[in-house]
Amino acid sequence: TMKPLLTYAPALEYGVIGAGSPLVDVKFTRSYDDYSPTNYTPTQELGIISARESIARSQNLTTLRLYDSILDRRPAQYLEKMGFSTLTEGDFVHLSTAIGGLTHGASVEENTNAYGTFANGGQFVDAYIIERIEDLDGNIIYEHQAEPVEVFSAETAYMMTDMLRDVLTESYGTGTRAKSMLK
């Protein structure tokens, strides 16, 4: 679930990719630390595929290559803006962060809130439980005031939402089984 939040949305925001941009899905080894990642299926290499297809297939190799190309811009700052509360300095510099390798992980609430940013046109709105409390006479005792934080442009949020649809709708998407079970 980290790939769209930390790699693809920031890369769209930076103007590095578009939905159809070609990405390389081929194994690599970094010479300075011998890091040799693979896709979920270790023998799978798809060659050149679009960013859209990479998200739908949840490819590790394309994601890691893309993340490495934007890592100097510290894209984990977007996670901070979206309420991830336990980030460490390592989470800002390790390549594995792009595929979910956070030092302390993320809560379901943090992850859900972050994805809500796409639905909210790029604005992060922290989740809350109580909207309003009134007394018996209808006087408002408490009313929640949302404080949206601009994280991504509306264009980036729209494009990410559109690209994520393929996860459910394309035959190769990782969520096609989930869609078939939802009525």
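Predicted model: local features only at pLDDT ≥ 70, side-chain atom pairs only at ≥ 80, totals over all residues.
Setting aside residues up to four places away in sequence, Tyr-8 touches Lys-3, Ile-17, Leu-23, Ala-51, Ser-54, Ile-55, Thr-62, Thr-63, Leu-66 and Met-160. Tyr-8 also belongs to the largest nonpolar core, which has 36 residues. Together with Ile-17, Leu-79, Met-82 and Phe-84, Tyr-8 is among the residues that touch the most other members. Two or more residues come from each of helix 1 (2-14), helix 2 (51-57), helix 3 (60-70), helix 4, helix 6 and helix 7. Helix 1 is the main contributor, giving seven residues to this core.

I turn now to the aromatic residues. How many aromatic pairs does a search of the whole structure find? There are four. In one of them, the ring centres of Tyr-78 and Phe-152 lie 4.8 Å apart with the planes at 15 degrees, so this pair is stacked. The two residues are 74 apart in the chain: Tyr-78 sits in helix 4 (residues 76-81), and Phe-152 in the loop between strand 6 (149-150) and helix 7 (154-169). Tyr-78 and Phe-152 are both buried.

Phe-152 has a further partner in Phe-118. Their ring centres are 5.9 Å apart and their planes are at 25 degrees, so this pair is stacked as well. Because Phe-118 lies in helix 6 (residues 108-119) and Phe-152 in the loop between strand 6 and helix 7, the pair ties together parts 34 residues apart in sequence. Phe-118, too, is buried.

One aromatic cluster comprises Tyr-14, Tyr-78, Tyr-115, Phe-118 and Phe-152. Finally, Arg-73 lies over the face of Tyr-14, 4.7 Å from the ring centre.

Key: Residues numbered from 1 in each chain as written. Heavy atoms only, no water. Phe/Tyr/Trp six-rings, centres within 6.5 Å; stacked < 30°, edge-to-face > 60°. Helix = DSSP H or I, 4+ residues; strand = E, 2+ residues; numbered from the N terminus. Buried < 20%, exposed > 50% of the residue type's maximum accessible area, 1.4 Å probe, protein only. Lys NZ or Arg CZ within 6 Å of the ring centre and 35° of its normal. Core = buried A, V, L, I, M, F, W, Y, C linked by side-chain atoms within 4.5 Å. Contact = heavy atoms within 4.5 Å.
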